[in-house]
Amino acid sequence: MHLPDPANPTVFLVGAGPGNPGLLTLRAAEVLARADLVLYDQLVPERLLDLVNPAAERVCVRDLPGNHPDRYPHIHQLLIEKGLAGKTVVRLKGGDPLIFGRGGEEAEALRSAGVVYEIVPGVTAALAAGAFLEIPLTHRNYASAVALVTGHELPSKPGNRLDWKALAAFPGTLCIYMGVARLPVIVAELLKHGKDPNTPAAIVERASTGDQRAVHTRLADLEAARRHAGLEAPGLILVGEPVAHHPAQSWWETRPLFGRRVLVTRPAHQAGGMVRTLEHLGAVVYQQPTVEIREPSDFGAFDQALNQIRDGEWDWLVFTSANGVHAVLRRLEALNRDLRDLGRVRLAAIGPKTAAALREYRLRADLVPDATYSSDGLVAALAPQVAGRRILLARANRGRELLRDELAKIATVEQVTVYDQVDVVTPNPAVLDQLRRGEIRYITLPSSRIAENLLRAFDDTIRGRVERGEVNLVAISPQTGDAVRQMGYRVAAEATSFTADGLIEAVVRLVRAEGSPA
Ligand code: SAH
């Protein structure tokens with residue numbers, strides 16, 4: 001058995017924050033990355049699971065046998081069992097684990113079983129609501145205290161510990177969790193005990209995410225306003241003078257893509273940067289990869305090319321994607337070789353992302369086109385330098401032949417396949433559902449191939465919607481736009497810079513041109 005060591009906890013009770021993945025603490029990210037088992041609550045943002053050690057087992061507590069909202073010992077049992085076995089277990093909970101999260105009970109169970117644990121706090125819903133609605137929960141002039149209150153205990157419930165009289169008289173902001181379903185009772189209790197019906201009040205749903213929705217009104221009108229806006233549980237109720245002191249739209253609500261649902265179609269391992277940027281702009285991001293990057297099925301020609309490079313047989317090595325860069329460097333490593341085997345070959349990169357991938361290995365691209373990050377741009381940039389030279393193109397198992405055809409007019413050119421692109425479209429049920437309900441209105445298309453795969457797989461669902469302008473197809477380049485048009489689809493926008501950032505900019509321009517949301 002594993003011996004308990006106070007310096008080496010095995011179980012971590014971790015706050016996941018309020019929903020915006022960026023609000024996770026560094027400590028939480030660290031322990032997720034080395035977990036053996038992650039036991040997460042249903043409300044935890046799914047995207048955080050991207051941070052989990054790929055080898056870890058992930059279990060949503062909802063799926064545990066015998067799960068019942070009011071009965072948690074089976075979770076305690078699992079935490080204890082795995083903890084005693086020396087496994088690194090992360091118990092991931094929404095917000096902060098000790099604020100209405102039953103983290104205290106779990107810690108107690110672990111302590112009495114002799115399991116060493118650590119508690120990692122998280123941003124609790126009230127703090128997120130304050131920041132993302134711009135409501136100062138305390139204020140020198142009108143709120144000297146904050147109360148975190150559960151709205152779950154009915155005033156009529158025997159053993160109810162909430163003193164509504166004291167809460168009505170509380171000299172600060174009330175942040176009521178789990179209260180939306182009982183809102184009329186809560187408001188009635190506060191008013192009955194003398195709270196001013198004009199006290200500013202708000203309800204917020206999914207604070208800190210692109211889905212954040214809020215109503216602001218006076219306490220007496222809160223239920224009517226909630227119904228009018230269609231806000232449902234779970235949500236947070238805020239009551240107090242500071243609630244009146246918020247701008248019409250918070251800094252978050254004015255983000256250019258706030259509330260827009262955007263589909264990202266890049267291969268899963270390459271989507272992270274784009275997803276983060278879109279989220280940062282306020283979007284709600286869905287992912288539907290249609291292509292996977294794999295090792296080439298045959299390394300024969302690849303390895304031979306690496307030997308030729310080492311032996312100085314090529315003047316230029318040209319990369320048309322970051323994937324190609326990683327494939328070459330990974331292969332050298334797999335062969336127990338290193339950068340020195342690239343010798344004096346000159347390196348060309350099709351665009352800034354590919355050049356950045358080279359920099360990850362301390363390699364500098366000798367050539368990157370100035371502005372046009374496409375095969376044409378690369379040909380134009382290379383042409384003046386490569387006449388009569390020997391050029392090796394590192395590429396996928398498929399792609400356009402333009403680069404080879406054009407360069408072959410002036411130089412000796414060969415292509416070598418360094419990675420395979422495989423079409424894999426397994427429709428994500430959440431994406432299908434959101435498309436059918438007309439919620440996803442922007443689809444980003446980062447290559448012709450991805451566009452073709454996606455449109456073929458979702459044709460029935462989206463063709464009519466694209467025609468009616470309800471779904472916007474945004475292409476990374478005119479070539480990708482052409483591929484989309486050839487399939488009989490309308491292209492709503494094309495990027496002017498042919499990169500992921502360019503694609504995002506095109507979405508932002510489109511949203512701006514459409515004006516404010518309906
Ligand atoms: N431990 C969590 C609270 C769990 S209780 C925390 O610290 O935030 C669940 C309640 O939290 C919900 O009913 C709702 O009232 C509130 N809540 C959690 N996340 C929220 C969010 N992003 N926006 C609004 N309310 C939220």
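**Close-up 1. Strand β2 and its parallel partners in the predicted model.** Strand β2 (residues 37-40) runs parallel to strand β3 (residues 57-60), and four bridges join the two. Four bridges also join β2 to strand β4 (residues 89-93), again in parallel. Strands are DSSP runs of E with at least two residues, numbered from the N terminus, and two of them pair if DSSP finds at least two bridges between them. Val38 stands opposite Arg58 in β3 and opposite Val90 in β4. In a regular strand, side chains alternate between the two faces of the sheet. In β2, Leu37 and Leu39 lie on one side, Val38 and Tyr40 on the other, and all are buried (under 20% relative accessible area, 1.4 Å probe, protein chains only). The model is predicted: local features need pLDDT of at least 70 and side-chain atom pairs pLDDT 80 or more, whereas totals for chains, interfaces and linings use all residues. Residues are numbered from 1 along each chain as its sequence is written, and side-chain values use heavy atoms, without hydrogens and water.

**Close-up 2. Aromatic pairs.** Rings of Phe, Tyr and Trp (its six-membered ring) pair if their centres lie within 6.5 Å; planes under 30 degrees apart count as stacked, over 60 as edge-to-face and the rest as tilted. By this rule there are six aromatic pairs. Trp252 and Phe258 form an edge-to-face pair, 6.2 Å centre to centre with 75 degrees between the planes; both residues are buried. Phe299 and Phe302 are stacked, at 6.0 Å and 25 degrees, and both are buried. Ring pairs link Phe132, Trp251, Trp252 and Phe258 into a cluster.

Methods:
Buried < 20%, exposed > 50% of the residue type's maximum accessible area, 1.4 Å probe, protein only.
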